[in-house]
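Please open the model in your viewer and keep the selection panel at hand; the tour goes from one selection to the next.

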Amino acid sequence: MPIGYVTQSWVNNDASKPLNAVRLTHIEDGVKASADGVDAVSATIAGRLSDATLKSTFVSLTAAAKNPDLLIAGSITRDSNQAVTSAAVVWPDGTPGTFTALVLSTAFPGAVDSYKITYGSPVTKTFTQPTVTRNTAGAVTNVPQIVVS
């Protein structure tokens, strides 16, 4: 919404452009319109930037850490069983990090049972998935809560 403020030119010691109440009021009106505009924008976006709105709109970091395949971007290091042992990650907000496998399954070669993912460079958070439990077919039957440190 344009304010429609028109600037006034000023020249020192020019009687045709005096410093008077009319010209000063014009400036005050322009400042007031600008402040009102900022207040209106602040009121409009205030509800959109609440924690509740952001959490409902974007995936939380912990939720993203539960599915590292969605975060891995770039070079991947694998062991002889093709299990991912380390990889670069990019979080949904663009922050870099690193995936590192902590426990590789011995019963099901190629599977990762525990891992950690870092957030930031330098690291500001680490998300660690404690070791999962698998059934005799190799399907995960228990997933402990991710630990954030």
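The model is a predicted one, in which local features need pLDDT of at least 70 and side-chain atom pairs count only at pLDDT 80 or more, while totals for chains, interfaces and linings use all residues. Residues are numbered from 1 along each chain as its sequence is written, and side-chain values use heavy atoms, with hydrogens and water left out.

In the hairpin of β4 and β5, which has 5 residues between the strands, select Gly120, which takes a positive phi near 100°.

Zoom out to the open sheet, whose 6 strands have the order β1-β2-β3-β4-β5-β8 with antiparallel pairing. β1 (72–78) and β8 (147–148) stand at the edges with a single partner strand each, so one side of each is left without a neighbour in the sheet.

Next, colour by accessibility: 6 of the 8 residues of β4 are buried, where buried means under 20% relative accessible area, exposed over 50% and partly exposed in between (1.4 Å probe, protein chains only). Select the 14 residues of the largest nonpolar core, in which the members touching the most others include Trp91, Phe99 and Phe127; such a core is a set of buried Ala, Val, Leu, Ile, Met, Phe, Trp, Tyr and Cys residues joined through side-chain atoms within 4.5 Å. Leaving aside neighbours within four places in sequence, Phe127 is in contact (heavy atoms within 4.5 Å) with residues including Leu61, Trp91, Ile117 and Val148.

Finally, which residue forms a salt bridge with Asp113? Arg134 does, the closest N and O atoms being 2.5 Å apart, and a salt bridge here is a side-chain nitrogen of Lys or Arg within 4 Å of a carboxyl oxygen of Asp or Glu. Arg134 lies in strand β6 (residues 133–134) and Asp113 in strand β4, so the pair ties together parts that are 21 residues apart in sequence. Asp113 counts as buried at 10% relative accessibility, whereas Arg134 is partly exposed at 23%.

Note on methods
Helices (H or I, at least four residues) and strands (E, at least two) are DSSP runs, numbered from the N terminus. Two strands pair if DSSP finds at least two bridges between them.
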